[in-house]
Amino acid sequence: MTGDTPGAESASDETLTKAQYEDFEELLEYLKRNRGFDFTGYKRASLVRRVSARMKGVGSETFREYLDMLQVDPGEFTALFDSLLINVTAFFRDPPAWEFLRSEVLPALVATKDPSEPLRVWSAGCATGEEAYTVAIALAEILGVDQTRQRVKIYGTDVDETALNVARRATYSPKALAGVPEPLVEQYFERSGADYTFRKDLRRAVIFGRHDLVHAAPISHIDLLVCRNTLMYLNSETQARVLARLHFALEDGGILFLGKAEMLLSHGHLFTPVDLKRRIFAKVSKDLRERMSVINEGGGYEPLEYPMSYRRARELAVDAVPSATVVVHYSGAVAMVNSAARRLFGLSGSDIGKPFQDLEISYRPVELRSALEKVVTEQRPLLLEQVSWPGGPDGIDCFDIHVVPLAEPGGLGVGVAVTFIDVSLPRRLHEELEHTNRALETAYEELQSTNEELETTNEELQSTIEELETTNEELQSTNEELETMNAELQSTNEELQTINDELRMRTGELDEANDFLESLLISQRGGLVVIDRDLRISVWNAQSAELWGLRTDEAPGQHFLNVDIGLPVEELRGPIRAVLGGDSEYEAVDLAATNRRGREFRCRVTMSPLVSRAGQIRGTILIMEETAS
Ligand SMILES: C[S@@+](CC[C@H](N)C(=O)[O-])C[C@H]1O[C@@H](n2cnc3c(N)ncnc32)[C@H](O)[C@@H]1O
């Protein structure tokens with residue numbers, strides 16, 4: 001099966017066999033290597049459909065066969081390229097989005113600029129230029145024509161040179177201008193014959209050039225980047241690469257305007273929606289991204305300080321702290337136990353002064369004695385996080401334990417404060433939160449992949465619609481050609497009919513003339529013969545046949561002086577020559593003759609010239625009659 005293609009209309013990359021897939025990839029490689037255009041970053045399904053449609057058109061059955069054709073016929077590459085780069089476009093394509101851009105986005109963008117500052121726009125994948133000129137009109141409506149001419153530069157780029165040449169001509173048919181409101185046509189276009197040309201002064205603000213979005217470096221310092229219905233033909237990996245370049249191309253705060261079917265779900269770090277429905281986004285600047293990440297990391301808490309002046313107040317305050325706190329003197333004796341510690345750990349005033357290591361709390365839920373020693377030695381606080389205490393007091397099963405050195409202002413160590421913070425609830429909440437987060441993450445991932453699938457489906461749908469639009473346009477133009485041919489055939493037919501009618505009329509007239517001549521010949525009493533300048537008989541009437549026995553169908557074409565009849569024709573040579581030479585207009589000769597029945601008689605032969613309308617002698621008319629004597 002190597003090399004078979006599926007039915008062109010049902011072809012997609014999913015329906016290809018492995019061998020077909022490999023042949024297809026080889027074809028793409030060939031285009032890349034030998035024709036300098038790399039389609040490998042484009043969505044396969046759409047490519048396979050377009051190539052298959054082209055193959056059907058040229059009668060190629062397999063990708064291999066088609067590759068052979070491409071290798072020998074350079075013209076086919078141009079046709080394939082045309083068919084793969086779908087150039088469907090229009091002025092103000094998707095009017096609600098353009099209206100929003102004109103009324104909301106562009107005025108805000110213009111307001112961020114000084115009136116002397118330039119505005120740079122890039123229409124990437126501009127096809128035949130309608131989109132670039134639409135931006136020029138939208139900006140001229142805000143800034144006025146003069147300001148637009150002075151401040152605005154619009155770069156229209158595409159990979160398709162043929163489309164760019166149309167864009168450069170800036171001349172469009174009335175049909176192409178259907179989407180432009182009448183007053184704007186009046187203001188921004190000049191008539192040229194049956195078509196319209198974009199006005200010359202503004203035309204200078206628009207510059208067209210070939211640029212490959214996938215491979216070439218982007219244009220920079222762009223304020224508005226219009227890239228509509230172009231990314232959707234690329235696979236998601238290539239889209240991501242191109243989007244990173246578009247991000248680079250834009251100034252901070254610059255606007256990205258995509259096509260109706262295009263989303264940026266997975267590129268939120270680069271662009272943030274201005275209006276998601278209309279697919280208008282703003283660049284997220286590098287600065288903002290960095291600031292956001294600092295906030296997300298949760299840094300920068302300022303420590304709070306509480307001035308305390310009274311010892312008792314301090315003691316009571318420590319006693320009132322809701323977390324259990326035990327203060328251990330530098331000698332190792334318990335110096336203080338607050339009320340929460342008394343309640344939770346069953347301590348009392350009598351424990352004051354005891355060695356801390358004698359208390360159960362010094363080793364349960366965790367070994368604290370070495371921790372205390374470390375803090376005393378290093379004079380640095382220590383945090384034991386999330387210490388579990390299964391079946392702990394008061395239903396508490398987890399503590400954060402803070403061991404903090406207490407020292408005089410001069411640095412002299414006084415002791416250590418050990419505080420037990422109940423983190424059971426936060427931990428439980430944290431665990432639940434983590435669990436919920438995990439569930440949410442899974443749901444989000446699923447949602448995202450569904451969204452991406454939807455996005456892809458939507459893009460594919462849109463690209464299929466555009467393909468259909470192209471096919472429709474092609475069909476329409478074929479139809480128009482057929483209609484033209486039909487009209488031509490019809491008029492040829494009518495002409496033929498007129499000629500036919502004329503011929504019929506002429507034939508009738510000829511028939512009548514013939515009849516008339518025939519009756520002239522028949523009505524002639526004697527034999528009538530007409531000979532041409534070579535003396536060949538052209539008319540031999542019935543009476544001649546009757547007289548000499550030579551039939552009317554035998555005589556024409558014979559040399560008159562050679563016919564074997566009962567008349568000595570040789571004797572007529574002289575008079576005939578005289579008539580033919582124009583020396584005589586009438587000759588008459590009497591001759592002895594014998595008719596076909598053998599009867600002898602005197603025959604009078606009169607000769608006169610046969611003269612054409614132009615006055616030339618074309619032959620001789622001879623009349624042969626029996627004389628009375
Ligand atoms: C469907 S048209 C879109 C035209 C216009 N932007 C619009 O939305 O009406 C897609 C255009 O993208 C161009 N294109 C395809 N691949 C490209 C690439 N790698 N770089 C630049 N343009 C590309 C095609 O030549 C075609 O003109």
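Modeller: One definition comes first: a polar contact is a pair of N or O atoms within 3.5 Å. Keep in mind that this is a predicted model.

Colleague: How far is a polar side-chain atom of Y42 from a nitrogen atom of the ligand?

Modeller: Y42 is listed with T89, G125, E131 and D158 as the closest of the 21 residues that surround the ligand. A polar contact needs N or O atoms within 3.5 Å. The distance from the polar side-chain atom of Y42 to the ligand nitrogen is 2.6 Å.

Colleague: How much of the accessible area of the ligand does the protein cover?

Modeller: On its own, the ligand has 600 Å² of accessible area. Of that area, the protein covers 98%.

Colleague: What span should helix α5 have, and how far apart are its end C-alpha atoms?

Modeller: Helix α5 takes in residues 95–111, which is 17 residues. At 1.5 Å a residue, the span should be 24 Å. The expected span agrees with the distance between the end C-alpha atoms, which is 23 Å.

Colleague: Where does α5 bend?

Modeller: The bend in α5 is about 40°. One of the buried residues of α5 marks the place. The bend is at L101.

Colleague: Which elements do the buried residues of α5 pack against?

Modeller: An α-helix has 3.6 residues a turn, so residues three or four places apart point the same way. The buried residues of α5 include A97, L101, V105 and L109. The buried residues of this helix pack against β1, α6, β7, β8, β9 and β10.

Colleague: Is T377 buried or exposed?

Modeller: T377 is in helix α15, residues 369–378. A polar atom of its side chain lies 2.6 Å from the backbone oxygen of E373. The relative accessibility of T377 is 65%, and the cut-off is over 50%, so T377 counts as exposed.

Colleague: Is T238 buried or exposed?

Modeller: T238 lies in helix α11, residues 236–249. Leaving aside neighbours within four places in sequence, T238 is in contact with G41 and V214. Its relative accessible area is 3%, and the cut-off is under 20%, so T238 is buried.

Colleague: How far apart are the C-alpha atoms of V416 and V326?

Modeller: V416 is in strand β15, residues 413–422, and is buried at 3% relative accessible area. Beyond its neighbours within four places in sequence, V416 has contacts that include V326, L372 and V403. V416 and V326 are 90 residues apart along the chain, yet their C-alpha atoms are separated by 8.4 Å.

Colleague: What kind of peptide bond joins R364 and P365?

Modeller: P365 is found in the loop between α14 and α15. Omega for the bond between R364 and P365 is about 10°. The bond is cis.

Colleague: What is the phi value of N229?

Modeller: N229 is in the loop between β7 and α11, and is buried at 9% relative accessible area. Its phi is positive, in a residue other than glycine. The value is near 55°.

Colleague: What is the phi value of Q379?

Modeller: Q379 is in the loop between α15 and β13. With a relative accessible area of 31%, Q379 is partly exposed. Phi is again positive in a residue other than glycine, near 50°.

Colleague: Is L270 buried or exposed?

Modeller: The loop between β8 and β9 holds L270. H269 is found in the loop between β8 and β9 too, and counts as partly exposed at 44% relative accessibility. L270 has a relative accessible area of 9%, under the 20% cut-off, so L270 is buried.

Methods: Residues numbered from 1 in each chain as written. Predicted model: local features only at pLDDT ≥ 70, side-chain atom pairs only at ≥ 80, totals over all residues. Heavy atoms only, no water. Helix = DSSP H or I, 4+ residues; strand = E, 2+ residues; numbered from the N terminus. Expected span 1.5 Å × (residues − 1). Bend = angle between axes of the 7 residues up to and from the residue. Buried < 20%, exposed > 50% of the residue type's maximum accessible area, 1.4 Å probe, protein only. Contact = heavy atoms within 4.5 Å. Near = heavy atom within 4 Å. Polar contact = N/O pair within 3.5 Å; in protein donor to acceptor, adjacent residues only side chain to side chain. Areas by Shrake-Rupley, 256 points an atom, 1.4 Å probe, with all protein chains shown as cover.
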